[in-house]
Amino acid sequence: MSLPVFISDTDAPVGASVTLDGPEGRHAVTVKRIQVGEKIMLIDGHGASRTCAVTALSGKSVLTAVVEVITEVPRPNPHVTIVQAIPKSERSELTIDLLTQGGADKIVAWQASRCVAKWAGKEEKSLGKWQVAAESAAKQSRRATIPEIVGVVGEEGVEKLIKDADLAIILHEEATAAIRELTFEGNVVVIIGPEGGVAPAEIDRFAEAGAHTVKLGPEVLRTASAGMVALAAIGVLSARW
C-alpha cells in the first residue's frame, strides 16, 4: 500500500529528525490520524521524496519523524509544459487536478480569445487556487514533483513559449497530422484551447511561430480532459513512460 504523502521543504539527510507542522502537520495528525511507528512520505515538490518513520506527535498539528530513505526523481524527458486556456470556473480546478495526475511538469494559464472565464483583476487568487489543486493532486498521485503554475499569458506569451521549445503542438480537431507521427524529446509545449476551440487567428500566429497542429484522436475532448489525454499519449510515445 502506498504511503501517505505530505509536502515539506526539509533538506534533512538520512537519519535526521524532521518536524511536520502547519496545515500539512494538521492534515497528518488530525485528518489522516497518523500514529507513532507509521511511515510517511515527504515531498519537496521539486523531485525529492523522503520515506520517514514517525517518532512523536504533539497536539493536533505537529508530527516528528526520522528520515529513512531519500529518493531523487530525475527530470523527465521530454519536459512537458501545458498551455491551458482558462476553463469555466466549475471545471478550472478539475483541469489542474487531471493535468497533475497526468504528469504535467509546468502549467501556464492562457487567456485565449474564446475563453468564457476572464481573470482580469483576479489573477493572483485564481492562480492560487490552481496551485492548491496541483499540490493536492500531486500528493494523491504520489508525485515527488508539483507542477509549476505560471501565467496569465496572452498570445505573445504563448508565442515565446513556442519559440523556446524543442517541439510545440496545438491540439486541433481539424488537424490532419496525428500525434503519433511526432517525436517527443527535450522541452515540449502542448497548447490546449478553450471549449470553443482555438481561434483561427491564434492558430495562424502560433503555427507561424513554429507550432504544429495535431489531432489527438477521433473524439473531440473537453478542455478539462484534453491535456491529461495528451500527456498519456506523450508518455507512451516517449521515454517518459
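In this predicted model, strand S6 (residues 79–85) and strand S10 (residues 187–192) run side by side in the parallel sense, joined over 6 bridges. Here strands are DSSP runs of E of at least two residues and helices are runs of H or I of at least four, both numbered from the N terminus; two strands count as paired if DSSP finds at least two bridges between them. Within this pair, His79 stands opposite Asn187 in S10. Helix H3 (residues 123–140) packs on the sheet and touches S6, strand S7 (106–110) and S8, its direction making about 155 degrees with that of S8. Contact means heavy atoms within 4.5 Å, while angles run from 0 to 180 degrees between N-to-C directions of lines fitted to C-alpha atoms, for helices over the stretch in contact.

The open sheet holds 6 strands in the order S8-S7-S6-S10-S9-S11, with parallel pairing. Strand S8 (148–153) and strand S11 (212–214) each have a single partner strand, so one side of each is left without a neighbour in the sheet.

Residues are numbered from 1 along each chain as its sequence is written. For this predicted model, local features need pLDDT of at least 70, side-chain atom pairs count only at pLDDT 80 or more, and totals for chains, interfaces and linings use all residues, with side-chain values using heavy atoms and leaving out hydrogens and water.
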